[in-house]
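Please read this briefing alongside the sequence and the coordinates.

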Amino acid sequence: MYSNDDLITINIFGSLRQYMDKQGLPYSLTRAIRHEGESGHDIALKAGLPPEKIEAIFCNGKVVNIYDLIYPGDRVAFFPYGTPGPY
């Protein structure tokens, strides 16, 4: 079972928001993940986001690989291709 200590915050940006709209979900979510961590890829799938549409994942303000592990307490943001900005 998950506890409040197993939560992450997920923010969705740009055209990825259409997938949240289709599910009737907000663009900012709090979700429980395993204490040992989960990949950004798996988190995206569980949120209903197609990983092939994701250009960048930020974890705690830094760009990470989609297969890097995200741990409880982390802040995660998913960005689509074509998002402007110097990341």
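What follows is a short account of a predicted model, beginning with the chain as a whole.

The protein contains two helices and seven strands, and from the N terminus on these elements follow the order β-α-β-β-α-β-β-β-β.

**Overall dimensions and packing**

- The radius of gyration is 12 Å, close to the 12 Å that the globule rule gives for 87 residues, so the protein is as compact as a globular protein of that length.
- Taken along the principal axes, the box filled by the C-alpha atoms comes to roughly 35 × 30 × 20 Å.
- When contacts between residues at least 6 apart in sequence are considered, 65% of them join residues that are at least 24 apart.

- As a general point, the strands of a sheet pair through backbone hydrogen bonds, in either a parallel or an antiparallel arrangement.

**Strand 4 and its two neighbours**

- Strand 4 (residues 54-59) and strand 7 (residues 75-80) run antiparallel and are joined by five bridges.
- Within this pairing, I57 stands opposite F78 of strand 7, and the bridge partner of F58 in strand 7 is A77.
- Strand 4 also runs antiparallel to strand 5, to which three bridges join it, and here F58 stands opposite V63.
- F58 therefore has a partner in each of the two neighbouring strands, because A77 is its bridge partner in strand 7 and V63 stands opposite it in strand 5, where strands count as paired if there are at least two bridges between them.
- Five of the six residues of strand 4 are buried, so this strand is largely enclosed by the rest of the structure.

**The hairpin between strands 4 and 5**

- Two residues lie between strand 4 and strand 5 in their hairpin, in which N60 takes a positive phi near 55 degrees.

Definitions and conventions. Residues are numbered from 1 along each chain as its sequence is written. This is a predicted model: local features need pLDDT of at least 70, side-chain atom pairs count only at pLDDT 80 or more; totals for chains, interfaces and linings use all residues. Side-chain values use heavy atoms; hydrogens and water are left out. Helices (H or I, at least four residues) and strands (E, at least two) are DSSP runs, numbered from the N terminus. Buried means under 20% relative accessible area, exposed over 50%, partly exposed in between (1.4 Å probe, protein chains only). The radius of gyration is taken over C-alpha atoms; the globule rule is 2.2 Å times the number of residues to the power 0.38. Contact means heavy atoms within 4.5 Å.
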